[in-house]
Amino acid sequence: MALAPSDDDLLRRFAAGDRVALEELFREYRLVAYRVAYRLLGNEADALDAVQDGFVNALNHMDKFRGQSSFKTWLMRVVSNASLDLGRRRKRQEARSGGQTVTDDTPVADDLPGPGAELERADLRKQLNAALAELPEAQRETFVLHADGGLTYREVADVLGISIGTVMSRVFYARQRLKALLADQVLP
Amino acid sequence: MTPMESPNPDRVDAWLAGHADWELDAATRQRVEEWLAADPQAAEILRDQESLSPRNLEFWAAVEPPTVSNSKWDAVGFGIASRCPASVPKSIWNQSWLKAVLVVSVAAGIAGVVFSLQKLGEPNRELAQPSTRPTIEVAPEPRSPTKEDPLAEYAVLPIAQPGEVFIESVRGGVSPIVLGPSQPVPTELTLAGSQDIQVESIRPTTANGSKPDVKVTTEPGGVTMIYASLPQ
């Protein structure tokens with residue numbers, strides 16, 4: 001059985017102009033990138049825009065990556081930055097247009113909750129999104145990179161350029177705040 | 001578990017987050033567990049931390065972002081591919097000569113565009129000024145031009161120089177040499193009569209349809225007014 005190519009192999013092939021390698025990298029990391037972007041932005045359309053911007057920036061600025069960390073952590077860093085940039089732009093637009101926020105409160109075609117559990121699930125997701133939006137940006141980013149990006153404390157510390165102790169503190173405070181904001185929700 | 005080189009949160013209760021995520025080294029974990037055994041409030045905080053930890057798979061499955069359709073993923077993938085040009089290997093790109101060539105090429109391209117735009121804004125000199133070559137002055141200003149024939153006093157009338165015109169035809173009679181109709185004159189123009197010129201040689205029309213090559217000299221004065229035709 002053939003082994004899946006490593007990220008380094010795929011990046012080398014991409015640098016040599018191999019478009020298939022680009023597709024493989026995208027398939028490998030699109031879901032985790034989407035989770036992070038979605039949780040930082042709160043809606044699918046913006047999250048997909050941030051995923052696209054993140055991949056483009058990560059791949060077009062590989063000279064800044066230099067292989068010091070894994071491609072995944074590099075990508076998470078760029079996607080996270082792209083999401084926060086987009087979020088700030090949306091807030092400015094929102095302020096200019098009188099406070100209309102783009103969220104997934106109005107379900108799109110592929111996000112229509114079914115009866116029962118699906119409805120509950122969509123509701124809990126919205127509650128979490130709303131609670132996350134209440135957190136300070138640094139706490140939210142740290143928490144999301146760990147919880148949705150699947151990065152260890154060490155990796156989050158590398159991505160954000162902070163100490164592991166600071167990561168631990170931010171995650172702790174973020175959870176305490178989220179727990180209070182989601183107090184009326186029955187967490188599994 | 002990720003080994004913790006320096007688990008140094010600003011408050012010790014933040015270690016509960018590390019404990020919930022299994023991010024503490026064995027020694028620190030042991031200290032936290034001793035603390036938890038002695039402090040029920042800390043144990044409650046730990047449960048809160050664990051409920052929002054990635055290890056609580058049930059919670060994170062319940063808040064999973066909406067599923068993205070294949071068509072939307074395809075659109076995102078296409079957008080990425082179109083914005084990530086077929087890559088130039090870094091080792092080549094980093095060579096300064098390649099950058100220099102590209103910079104010069106771009107600069108030349110910009111200069112070409114600017115020049116073209118300037119030319120578009122000017123009248124067509126080729127049409128407005130048929131010839132920039134100096135005209136040979138062989139006749140004085142007419143002293144008393146008549147209304148009937150303003151050129152009557154010119155013995156030799158320079159029209160053009162060799163290379164500027166071709167001779168359209170050679171006829172017999174009083175108008176053997178006819179110029180045009182083409183630039184620099186818009187219509188057929190009689191140059192001289194048979195009494196004024198002498199045809200030295202005529203090469204017949206070639207097989208590929210080129211005009212006849214005619215060599216003439218003017219009389220009187222011997223000034224070459226029109227020397228030869230140009231194959232078209």
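A residue is called buried here if 20 or more other C-beta atoms lie within 10 Å of its own. Keep that in mind for the views below, which all come from a predicted model.

**View 1. The buried residues of α8(A).** Let's start with one helix of chain A. Which residues of α8(A) are buried? They are Y153(A), E155(A), V156(A) and V159(A). Look down the axis of α8(A) and these buried residues fall within an arc of 160°, so they line one face of the helix. As a bit of background, an α-helix has 3.6 residues a turn, so residues three or four places apart point the same way. The partners that the buried residues of α8(A) pack against are α5 (71-96), α7 and α9 of chain A. Just past the end of α8(A) sits G161(A), with a positive phi of about 70°.

**View 2. Inside the largest nonpolar core.** This core holds 57 residues, and A37(A), V51(A), L75(A) and V79(A) touch the most other members. The element that gives the most to this core is α2(A), with twelve residues. Now zoom in on V51(A). Leaving aside residues up to four places away in sequence, V51(A) touches R30(A), A33(A), Y34(A), A37(A) and V79(A), plus V76(B) from chain B.

**View 3. Where chain A meets chain B.** Here 47 residues of chain A are in contact with 42 residues of chain B. On the chain A side, α1 (7-15), α2 (19-41), α3 (44-60), α6 (117-133), α7 (137-147), α8 (153-160) and α9 (164-181) each supply at least two residues. Which helix provides the largest share of that side? That would be α9(A), with ten residues. Sorted by type, the residues of chain A that touch chain B come out as 23 nonpolar, ten polar and 14 charged.

**View 4. Chain A by itself.** Chain A is built from nine helices and has zero strands. Of its 188 residues, 41% count as buried. Take the contacts in chain A with a separation of 6 or more: 65% of them are between residues 24 or more positions apart.

**View 5. Chain B by itself.** Chain B has eight helices and five strands. Follow chain B from the N terminus and the elements run α-α-α-α-α-α-α-α-β-β-β-β-β. How much of chain B is buried? Buried residues make up 16% of its 232 residues. For contacts in chain B with a separation of 6 or more, residues 24 or more positions apart account for 31%.

Note on methods: Residues numbered from 1 in each chain as written. Chains lettered and ligands numbered in written order. Predicted model: local features only at pLDDT ≥ 70, side-chain atom pairs only at ≥ 80, totals over all residues. Contact = placed C-beta atoms within 7 Å. Helix = DSSP H or I, 4+ residues; strand = E, 2+ residues; numbered from the N terminus. Nonpolar A, V, L, I, M, F, W, Y, C, P; charged D, E, K, R; others polar. Buried ≥ 20, exposed ≤ 12 C-beta atoms within 10 Å, placed from the backbone. Arc of directions from axis to C-beta. Core = buried A, V, L, I, M, F, W, Y, C linked by C-beta atoms within 7 Å.
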